[in-house]
Amino acid sequence: MNVLYNTINRLNYLVNEIPGKIKEIPEVELTNKPAPGKWSKQEILGHLCDSAINNLSRFIRAQFEDEPFMVVPYGQDEWVSLNHYNEMKTDDVLTYWIAVNKQIIQIISNIPEDKLAVICELGNAAFREGELDKTLLWLIEDYLVHMEYHLRQVIGEI
Ligand code: NI
């Protein structure tokens with residue numbers, strides 16, 4: 001059995017179930033910014049699109065670039081604000097989120113086991129403190145952990 005079996009199952013479940021739950025939330029609530037500089041729920045969903053597109057790139061490149069693969073952080077606030085997610089239709093943000101995650105599922109379903117062991121060096125020193133080097137497998141599992149953390153901020157328990 002693929003070591004990513006549970007992760008892939010969970011991602012499939014979330015991609016199928018979450019959009020319907022988000023569509024139940026009124027637009028005013030989704031786009032409300034709790035404070036200037038704080039993300040609205042729709043912007044958190046946008047942040048998950050940014051996470052998806054950046055990690056999709058990592059999941060591809062880690063398989064063929066030099067090892068250790070360097071995980072370069074992206075400017076999360078800049079990505080959210082320059083994508084102007086709060087001005088978009090919620091449906092369009094959701095369509096984007098679903099499409100990129102389906103492609104991530106497609107990619108990770110086909111990574112050979114030896115590539116899952118590729119060492120990935122995290123650029124953020126604080127994040128690395130006290131931790132061993134990570135692998136591509138860890139990076140993929142952490143992608144899901146991060147997604148679930150933010151989905152809970154948007155819709156509560158998932
Ligand atoms: Ni985040």
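Start by selecting helix α1, residues 5–23, together with helix α5, residues 90–108. In this predicted model, the two helices pack at an angle of about 170°, and their axes lie 10 Å apart. An angle over 145 degrees counts as roughly antiparallel, and α1 and α5 are therefore roughly antiparallel to each other.

Next, show the side chains where the two helices meet. On the α1 side, pick Ile8, Leu11, Asn12, Val15, Pro19 and Ile22. Across from them, in α5, select Thr90, Leu94, Ile98, Asn101, Lys102, Ile105 and Ile108.

Now clear the selection and switch to a cartoon of the whole protein chain. How many helices and strands does the chain have? There are eight helices and three strands. Follow the chain along the sequence and you will pass them in the pattern α-α-α-β-α-α-α-β-α-β-α. The radius of gyration is 16 Å, close to the 15 Å that the globule rule gives for 158 residues, so the chain is as compact as a globular protein of that length.

For a last stop, colour the chain by burial: buried residues make up 23% of the 158 residues. If you also draw the contacts with a separation of 6 or more, 75% of them link residues 24 or more positions apart.

Terms used. Residues are numbered from 1 along each chain as its sequence is written. This is a predicted model: local features need pLDDT of at least 70, side-chain atom pairs count only at pLDDT 80 or more; totals for chains, interfaces and linings use all residues. Axes are lines fitted to C-alpha atoms, for helices over the stretch in contact, and angles run from 0 to 180 degrees between N-to-C directions. Helices (H or I, at least four residues) and strands (E, at least two) are DSSP runs, numbered from the N terminus. Angles under 35 degrees count as roughly parallel, over 145 as roughly antiparallel, 65 to 115 as roughly perpendicular and the rest as oblique. Two residues are in contact if their C-beta atoms, placed from the backbone, lie within 7 Å. The radius of gyration is taken over C-alpha atoms; the globule rule is 2.2 Å times the number of residues to the power 0.38. A residue is buried if 20 or more other C-beta atoms lie within 10 Å of its own, exposed if 12 or fewer, and partly exposed in between; C-beta atoms are placed from the backbone.
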